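Student: Could we go through this structure together? I would like to understand how its parts are arranged.

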Amino acid sequence: MKALPEILKEIRPEFDFGASSDFIADGMLDSFDMVTLVATLDKTYGISIQGTDIVPENFKNLQTIQTLLRQCGVQL
Amino acid sequence: MGPVTTVAQVFGAIQMAKATASAFCTNFFPAQGKLQAWIDHGELLGELRDRSAFFLRKDRDFWHLYFCASDVATLQRDIRELPALTTERVAIDLVGSEALLGEVLNAVESAGFRRYSRLVRLARPGEPARPQSPANGTQVLCADQSDGPAIISLLESSFDRYADQLPALYEIEAAIASRQVLAVKHAGALAAVLYFESQGFTSTVRYWVVAAEFRSHRFGSAAMRHYLASQSAVRRFILWVTADNENAVLKYRHYGYAPDGLIDHVLVNNLINP
């Protein structure tokens, strides 16, 4: 199974996600990227992230995305 | 609809629509700074329903409509009941991949909106263009505040106000203060403008335009090359362009931009005539 940094790299290969603590402020993810990322995470981990969880604070950095995945039942 | 006076009202309304959501849908992705500016200028109205929220933003002689709904069926039911649709000119943007927009498009069309324009997003990796010698001694400078009225006049005469999200004068003044409006002048007149927004590693060209009387002087090219070369920290350049404007799409392709799959369908109600 692909790791989260690898998934992010596939969506936005031009960015170094490991070097940022705020993907939104750093212009690395926008609202539309979040929708793409959610679809990829759903497919990769066999989960269904709720629309109510598609908010910037859940996609701010690797930690917040991992927290969201854990809440959806993913064991990381 | 009533006036929105705080950012918290907006986020509260969105949260309420989300609370009952089974398949939340929205076209409202407000950045807090922009939202505050709209509220400060009295441009935003809002209406909260049981499972949906609607916002209207004043823009010149019409309104932009934004929605948040718990699901598409709720959107389809509630949007038809908005009184403004029968009395005001209203435009709505639906953004996403083409494959995912079908249901929402149908819901909005069933409320009397018709398709007006289709924009595509283009993206370019962040490899700065090689600086070139200015053509004919062309100097590209940051616009100054006194250029604001000429810039708004050029944008309004060159773009479509319903489809292209034209800025208000106060937004242009803020962009000028942030040094995000490049200008080329010729004999004292504004010949070309490149208006952009950079955030972190991403930069968006909002408008790139050459005044009709100054075309074929390579002023636009000078502005674009200056822009690309000046954004050395940027890793991703993006912009929106009308899909059937082949001339513009070709120009952007020349600078390395290519479609990234995101579409913006602009629909208008029947009070906006062709």
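**Two domains and two chains**

Tutor: Let us begin with the domains: the C-alpha centres of domain 1 and domain 2 of chain B lie 30 Å apart. Please keep in mind that this is a predicted model.

Student: Which residues belong to domain 1 and domain 2 of chain B?

Tutor: The domain assignment places residues 2–118 in domain 1 and residues 127–234 in domain 2 of chain B.

Student: And how many residues of domain 1 are in contact with domain 2?

Tutor: Six residues of domain 1 of chain B are in contact with five residues of domain 2 of chain B. On the domain 1 side, the residues that touch domain 2 are three nonpolar, two polar and one charged.

Student: What about chain B as a whole, how many helices and strands does it have?

Tutor: Chain B has nine helices and 13 strands. Its radius of gyration is 20 Å, close to the 19 Å that the globule rule gives for 274 residues, so chain B is as compact as a globular protein of that length. Along the principal axes, the C-alpha atoms of chain B fill a box of roughly 60 × 35 × 35 Å.

Student: What share of the residues in chain B is buried?

Tutor: Buried residues make up 40% of the 274 residues in chain B. As for contacts in chain B with a separation of 6 or more, residues 24 or more positions apart account for 73% of them.

Student: Now the core. Which residues touch the most other members of the largest nonpolar core?

Tutor: They are B:V193, B:L194 and B:A223, in a core of 96 residues. Strand β10 of chain B, residues 189–199, gives the most to this core, with seven residues. Both domains take part: the core draws at least three residues from each of domain 1 and domain 2 of chain B.

Student: What is B:V193 in contact with, apart from its neighbours in sequence?

Tutor: Leaving aside neighbours within four places in sequence, B:V193 is in contact with B:I151, B:L154, B:V181, B:L182, B:A183, B:Y207 and B:V209.

Student: Changing topic: which residues of helix α3 of chain B are buried?

Tutor: In α3 of chain B, which covers residues 72–79, the buried residues are B:T74, B:L75, B:D78 and B:I79. Seen down the axis of α3(B), they fall within an arc of 110 degrees, so they line one face of the helix.

Student: Why do residues three or four places apart in an α-helix point the same way?

Tutor: An α-helix has 3.6 residues a turn, so residues with that spacing point the same way.

Student: And what covers the buried residues of α3(B)?

Tutor: The cover includes strands β2 (25–26), β4 (52–59) and β5 (62–69), together with helix α5 (98–109), of chain B.

Student: Where is B:Q165 found?

Tutor: B:Q165 is in the loop between α6 (148–158) and α7 (169–177) of chain B. Although B:Q165 is not a glycine, it has a positive phi of about 50 degrees. B:Q165 and B:H64 are 101 residues apart in sequence, while their C-alpha atoms are 9.0 Å apart in space.

Student: Is B:R179 buried or exposed?

Tutor: B:R179 counts as exposed, because it has 12 C-beta neighbours inside 10 Å and the cut-off for exposed is 12 or fewer. B:R179 lies in the loop between α7 and β9 (181–186) of chain B, and it has a positive phi of about 60 degrees although it is not a glycine.

Student: Let us turn to chain A. What pattern does it follow along the sequence?

Tutor: Chain A follows the pattern α-α-α, with three helices and zero strands. The radius of gyration of chain A is 11 Å, close to the 11 Å that the globule rule gives for 76 residues, so chain A is as compact as a globular protein of that length. Its C-alpha trace spans about 30 × 25 × 20 Å along the principal axes, and buried residues make up 25% of the 76 residues in chain A.

Student: Last one: how many residues does each chain give to the contact?

Tutor: The contact takes 16 residues from chain B and 11 residues from chain A. By class, the side of chain B that touches chain A has eight nonpolar, five polar and three charged residues.

Notes
Residues are numbered from 1 along each chain as its sequence is written. Chains are lettered from A and ligands numbered from 1 in the order in which they are written. This is a predicted model: local features need pLDDT of at least 70, side-chain atom pairs count only at pLDDT 80 or more; totals for chains, interfaces and linings use all residues. A nonpolar core is a set of buried Ala, Val, Leu, Ile, Met, Phe, Trp, Tyr and Cys residues joined through C-beta atoms within 7 Å. A residue is buried if 20 or more other C-beta atoms lie within 10 Å of its own, exposed if 12 or fewer, and partly exposed in between; C-beta atoms are placed from the backbone. Helices (H or I, at least four residues) and strands (E, at least two) are DSSP runs, numbered from the N terminus. Domain bounds come from an automatic or database domain assignment. Two residues are in contact if their C-beta atoms, placed from the backbone, lie within 7 Å. Ala, Val, Leu, Ile, Met, Phe, Trp, Tyr, Cys and Pro count as nonpolar, Asp, Glu, Lys and Arg as charged, and the others, Gly among them, as polar. The radius of gyration is taken over C-alpha atoms; the globule rule is 2.2 Å times the number of residues to the power 0.38. The arc is that of the directions from the helix axis to the C-beta atoms.
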